[in-house]
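Visitor: I am new to this structure and would like a close look at a single part of it. Please describe that part and its surroundings in one go.

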Amino acid sequence: MSGQQDTSYHSLGPAFPQTHLPQGERSKGGVSPETQRDALLSSNGLDAIDIRGLEIPTTLHDSPSPNLAAIFSHAEKPPSFAPSVESPIRVTLGLTGSTGDGGRRNSEDRSIALLVQEQIELSAAEVTIFRNYVERVSRWIDSFSRDQPFYRKVPIMALRCPVLMNSCLALSMKQSTLKASGDEQRIRENAAIHYHQKAIKALSTLLADTECASRDEILASSIILSTYEMFDVVGESFGSHLGGVAFFLQSRRVYGNQCGLQGAVYWTWYRHEIWAALQTGRQMLLDEAYWQPPLIKTFEGVCVEDIANRVIFIFGQCVSFCNSGDTGEASADEKIAARQRRVTTLDAALEDWKRKLPSSMSHFFAEPTASQQENASHQFPFLWFMYPQSAIAYQVYHASKILLNLHRPPIPAESRGLGHTQSLWTRRQIERSREQIFLVSNAGVPDTWSLVSTQCLYIAGLVTEGVLERQRTLELIEDCQKSSGRRTMCLADELRTLWAQ
């Protein structure tokens, strides 16, 4: 961050009632030490402060919590919002002076301020929570964004936007909750729900104002709260809010090739949507009919994030294709022909992506060293990439290949036999892709990119046969949850069930 940004960050002062917060015992989960920044946060961040000083109501955990699905459910079609503007904000947008509670308004006051004139000040505990968002959680949202607006821009916007600040605090607390246990988990969960409810209620009111709804602060709050709910919701309702968010993106004309916040929001939503489609077996809500990356002749000069996003887009379409049923009135032969054409189109898109890869996608094969072999019963080789975005893109490419090969239309009966080699070729392709995904994961993936990597590893696990590789696959999937708090152990459990059949 620049010097000016640093000044803004350190100026957060004690406007809320201050409580002496003794340093607590560091939790066993800790924070992933893949970088010096994360190690510093682990020793001085959420694990080192007693958040009981927040004085969150103890009964909050049991109270019903509104969510994005609820506030978007009333909209049958995307409303027509004006494009986002950067002009000074006027009184019509709810601009108010800073109140004695740091811009937080009495719940009985029906007017919700989008912005306050003076910088919001945070308590000591809230500074720690906000720091966790800035230094760690924001990187997850920005994981495939070249501009990193949720790290560089959103924290500054939040300093004068209560709904955005509460959204950041809610997401940060939710992430810390997933790594806690026992009473500490309950306390943190109550705090996360507290900030989430405040943000959701404010967002619901502000969305009703067309001019407010067109602001980038609202767009940022929506995707941050979407990320919160991707952490929070499991089961049949998983990802239920994404339809409303999709309508909102359509109304704002948010596309993946836009710079800054808009582009980052699109790709964050798109990754959420892939995760939900994989978990629920449904198709993607927005496909290439809404927007798709424009064709370019070469990837030379294209940043690794944009290269990765292009194959992630194809991945989403592959997931959607695999989840599509045989609906319609067409004959069986027509349905098979249509599916074959779709497989051919998606496979050609994947190969076109691979053919254009530049030097930034270079990778290196390595065998485990003698010292590594002494620390484990069995060690596998690995593939290391210069950039983690490139590594994940490579995994996504091969995960897409596995999905397409598993869902190719059946071979006609008259073409079967020893003389027909298509099925053998398909099996070899699946095995090669499985191996490549495994080798990349075995090299280690930082928390920032681990969720997408784990999805690819799960797909590879579907076709993994070796006992030792299965064991290592489960370890890698479970390590993602242990390190980051993201709920990925369900994928390991699904693989165990599948392998037991």
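Guide: The accessible surface of the protein chain in this predicted model comes to about 23,000 Å², and carbon and sulfur atoms hold 51% of that surface. Of the chain's 501 residues, 52% count as buried. The chain has 20 helices and two strands. Among contacts with a separation of 6 or more, 75% are between residues 24 or more positions apart.

The part to look at is helix α19, which runs over residues 467–484. Its 18 residues reach 26 Å from the first C-alpha to the last, close to the 26 Å expected at 1.5 Å a residue. After α19 comes Gly485, with a positive phi near 95 degrees.

The buried residues of α19 are Glu469, Arg470, Thr473, Leu474, Leu476, Ile477, Glu478, Cys480, Ser483 and Ser484. Their cover includes α4 (124–141), α7 (162–177) and α17 (422–442), along with α18 (447–461) and α20 (489–500).

Of these neighbours, α18 can be followed residue by residue. On the α18 side, the residues in contact are Asp447, Ser450, Leu451, Thr454, Leu457, Tyr458 and Gly461. They meet Thr473, Leu476, Ile477, Cys480, Ser483 and Ser484 of α19. The axes of α18 and α19 lie 10 Å apart, and the two helices pack at an angle of about 155 degrees. Angles over 145 degrees count as roughly antiparallel, so α18 and α19 are roughly antiparallel to each other. The crossing of α18 past α19 is left-handed.

Note on methods. Residues numbered from 1 in each chain as written. Predicted model: local features only at pLDDT ≥ 70, side-chain atom pairs only at ≥ 80, totals over all residues. Heavy atoms only, no water. Helix = DSSP H or I, 4+ residues; strand = E, 2+ residues; numbered from the N terminus. Buried < 20%, exposed > 50% of the residue type's maximum accessible area, 1.4 Å probe, protein only. Contact = heavy atoms within 4.5 Å. Areas by Shrake-Rupley, 256 points an atom, 1.4 Å probe, with all protein chains shown as cover. Expected span 1.5 Å × (residues − 1). Axes fitted to C-alpha atoms, helices over the stretch in contact; angles between N-to-C directions. Parallel < 35°, antiparallel > 145°, perpendicular 65-115°, else oblique. Left-handed = near helix turned anticlockwise from the far one by under 90°.
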